[in-house]
Amino acid sequence: MSALTVLAPPGEFGAPTPDELFTLPPIIPGVEWFTKPVLLALFSSVLVIGICWAAFASPKLVPRGMQNVVELGYMFVRDQVARPFLGKDADRWMGLLVSIFFLVLVWNLLGVVPVLQFPVASHIAFPIVLAATIYILKIYLGIKHQGGIGYFKNMMFPPGLPKPIYFLLAPIEFLSNMIIAPFTHAVRLFANMFAGHMLLAFFSMVGFWFLFEKLTPLGAPIGVIGVVMTILLTGLEMFIMYLQAFLFAMLAAMYIGSSLHADH
Amino acid sequence: MSQQERRPETDGRDFSDAMWSVPSYLLAGMAVYGGLGWLLDRWLDMSAFFPIGIVLGVSLAGYAVYRRHGR
Amino acid sequence: MSVLAEVSGNVTAIGYGLAAIGPGIGVGIIFGQGVQAIARQPEAYGLIRQNMLLGFVLTEALALIGLVAPFIFQGIA
């Protein structure tokens with residue numbers, strides 16, 4: 001809260017700009033790359049590893065405590081993400097999918113944890129790295145399972161069309177599968193987190209400005225609206241964070257699945 | 001059962017596969033044919049081919065999705 | 001007359017916001033009715049799915065044309 005008021009221009013209310021919210025100074029002066037999102041990303045990796053370690057280091061047949069909670073997440077990923085898209089290959093890919101789901105979920109949920117309050121995925125570099133990993137894996141698996149020529153042939157020339165149409169559609173198929181699909185995979189997560197963080201920052205700033213900085217009889221109701229909207233949108237935002245983590249893992253499973261089996 | 005046999009174990013996969021690939025197909029169609037139109041516009045110093053290319057690309061991409069996933 | 005309100009920034013953002021309303025409603029109707037149709041007649045799944053996909057493609061195309069419309073008019077004007 002106090003960080004936001006320092007950024008506002010003196011005297012009048014100004015909505016927070018992306019530059020103020022997302023361009024953060026390095027934590028240690030002089031080490032340019034070590035900013036808050038990097039610290040949070042490292043922290044969430046350690047957290048995910050720690051939670052899974054605590055849960056499955058010595059698994060019991062009758063789960064209790066931490067193992068119960070993490071098994072719930074594991075079952076969710078297996079039944080909702082892996083099995084519908086990978087079928088009988090689901091168990092081989094569970095490690096990757098569970099890691100992706102939990103990592104993205106923790107990244108996102110850090111956006112509503114009071115002191116930390118920064119969704120890591122709202123810097124596009126982080127989703128891009130995850131999406132690029134899946135992209136490379138997708139091409140590798142496609143070439144391995146369908147052959148170098150067969151993979152591109154299945155992708156660009158689906159059977160059952162007249163010849164001249166292939167000439168028109170092949171560039172669309174290639175561009176959509178090779179460039180646009182991984183791009184939207186990363187951008188979908190990034191854009192949701194970016195917009196959600198800006199929305200929360202805007203409404204909490206409205207509340208803070210009109211109730212604490214410049215308390216006037218006319219401005220107070222607006223401030224109350226700002227606070228109420230902040231609370232409601234935090235709830236919505238937590239739902240969206242969970243949904244985006246699910247979608248990211250689901251699309252990863254979908255790309256892997258489409259490389260393993262040639263469709264139709 | 002209708003003429004199209006249901007396969008419950010792959011229904012979900014096929015359907016979400018189709019739905020999630022629609023936006024990237026449409027964007028790719030617009031990029032390819034809109035880009036061609038834009039290049040033509042620059043070459044001939046006109047401004048008609050870019051919108052035509054966009055609309056053509058969207059229609060072709062829609063056709064591609066429909067043929068690939070819709071049957 | 002003095003200026004009462006002023007919009008600063010890029011107007012195309014407002015244009016895209018307006019253009020996204022219609023497709024948003026349309027996609028909601030398509031999937032809502034499609035799911036309802038599947039629930040009522042599971043045996044017509046193939047046909048419903050096909051038409052749902054077609055409607056979704058056409059609606060989504062409108063949303064994406066709204067996305068590039070600013071670039072088109074930038075080229076013309």
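Tutor: Let's start with a term: a residue is buried under 20% relative accessible area, exposed over 50%, and partly exposed in between (1.4 Å probe, protein chains only). Gln117(A), for instance, has a relative accessible area of 41%, so it counts as partly exposed.

Student: What kind of model is this, and how are residues and chains labelled?

Tutor: This is a predicted model, where local features need pLDDT of at least 70 and side-chain atom pairs count only at pLDDT 80 or more, while totals for chains, interfaces and linings use all residues. Residues are numbered from 1 along each chain as its sequence is written, chains are lettered from A and ligands numbered from 1 in the order in which they are written, and side-chain values use heavy atoms, with hydrogens and water left out.

Student: Okay! Where does Gln117(A) sit?

Tutor: Look in the loop between helix H5 (90-109) and helix H6 (125-146) of chain A. Helices here are DSSP runs (H or I, at least four residues), numbered from the N terminus. Gln117(A) isn't a glycine, yet its phi is positive, about 50 degrees.

Student: Now salt bridges. How many are there over all chains?

Tutor: General idea first: a salt bridge is a side-chain nitrogen of Lys or Arg within 4 Å of a carboxyl oxygen of Asp or Glu. By that rule, the count is three over all chains.

Student: Which residues are linked in a network of salt bridges?

Tutor: Arg78(A), Asp79(A) and Arg83(A). Asp79(A) pairs with Arg78(A) at 3.4 Å, N to O, and with Arg83(A) at 3.9 Å. Arg83(A) and Asp79(A) both lie in helix H4 (residues 66-86) of chain A, four residues apart, which is about one turn of the helix.

Student: Are those two buried or partly exposed?

Tutor: Partly exposed: Asp79(A) has a relative accessible area of 33%, and Arg83(A) comes in at 39%.

Student: Which residue forms a salt bridge with Arg68(B)?

Tutor: That's Glu173(A), with the closest N and O atoms 2.6 Å apart. This pair crosses between chains: Glu173(A) is in helix H8 (residues 163-213) of chain A, and Arg68(B) is in helix H2 (residues 49-69) of chain B.

Student: Are Glu173(A) and Arg68(B) buried or exposed?

Tutor: Buried, both Glu173(A) and Arg68(B).

Terms used
Helices (H or I, at least four residues) and strands (E, at least two) are DSSP runs, numbered from the N terminus.
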